[in-house]
Amino acid sequence: MKKNLWLWTDKPVKLKPEKIFMARIKIEIPEKFFFKTEISVRITDINYGGHLGNDSLLSIIHEARVRFLKHLSYSEKDVEGSGIIMTDAAIQYKAESFYGDDLLIEVGVIDFSKIGCDIIYKITNRETNKEIALAKTGIVFFDYKNKKVVAVPDKFKSKVVRGTPLEKA
């Protein structure tokens, strides 16, 4: 038994369930990735489906972000005197990854605003060159002492914009 679905706009429209498509996120890929690092999939990263879990992939990109910042002589609590806060995250899954896979995570930065930017991650199986996922984390810069959002530090932006493509740590 199929139920009728209605889309309410200025006039109600009857929708057929088989014609409904879920919206999908699309992550913009930067022109250049400025940093790359390798992380192996640990046994604790495997979910009950026998592959890399979505929560673990988010942890892996967190580790890649910390390594990226360290490569620039920063930490999440100190980027030219400001900290960072993650405002959102999105992941597009492309393929499974399994225990022992060596993942290559390429990192780029795009979409600067006055107070933040997006960090983009391309995750690939190093051995097979198969793309595992694309991910994005939105960040804003934050003054933890005064508990307020602050402007993107100019020195950080200039380091990222002029960075040598695919520096590795």
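Biologist: By class, what residues does the lining of the largest pocket have?

Modeller: The lining has eight nonpolar, three charged and no polar residues. Glu 28, Glu 31 and Lys 32 are among the lining residues, and they count as charged because that class is Asp, Glu, Lys and Arg. Ala, Val, Leu, Ile, Met, Phe, Trp, Tyr, Cys and Pro are nonpolar, and the others, Gly among them, polar.

Biologist: What should I know about the model and its numbering?

Modeller: This is a predicted model, where local features need pLDDT of at least 70 and side-chain atom pairs pLDDT 80 or more, while totals for chains, interfaces and linings use all residues. Residues are numbered from 1 along each chain as its sequence is written, and side-chain values use heavy atoms, without hydrogens and water.

Biologist: What makes a space a pocket, and what volume has the largest one?

Modeller: On a 1 Å grid over the protein atoms alone, a pocket is an open set of points with protein on both sides within 12 Å along at least five of seven lines, and lining residues have an atom within 4 Å of a point. The largest pocket has a volume of about 180 Å³, the space filled by probe spheres set on the points.

Biologist: Which helix and strand each supply at least two residues of its lining?

Modeller: Helix 2 (154-162) and strand 5 (102-110) do. Across the protein chain there are two helices and nine strands, taken from DSSP runs (H or I, at least four residues, for helices; E, at least two, for strands).

Biologist: What does Asn 125 touch, leaving aside neighbours within four places in sequence?

Modeller: Its contacts (heavy atoms within 4.5 Å) are Asp 101, Asp 102, Leu 103, Lys 130 and Ile 132. A polar atom of the Asn 125 side chain also lies 2.9 Å from the backbone nitrogen of Glu 127.

Biologist: How do you know whether Asp 111 is buried, partly exposed or exposed?

Modeller: Its relative accessible area is 43%. Exposed means over 50%, and partly exposed lies between that and the buried limit, so Asp 111 is partly exposed. Asp 111 is in the loop between strand 5 and strand 6 (116-125), with a positive phi near 55 degrees.

Conventions
On a 1 Å grid over the protein atoms alone, a cavity is a set of points where a 1.4 Å probe fits but cannot get out, and a pocket is an open set with protein on both sides within 12 Å along at least five of seven lines; lining residues have an atom within 4 Å of a point. Buried means under 20% relative accessible area, exposed over 50%, partly exposed in between (1.4 Å probe, protein chains only). A polar contact is a pair of N or O atoms within 3.5 Å; within protein, one must be able to donate a hydrogen and the other to accept it, and residues adjacent in sequence count only if both atoms are side-chain atoms.
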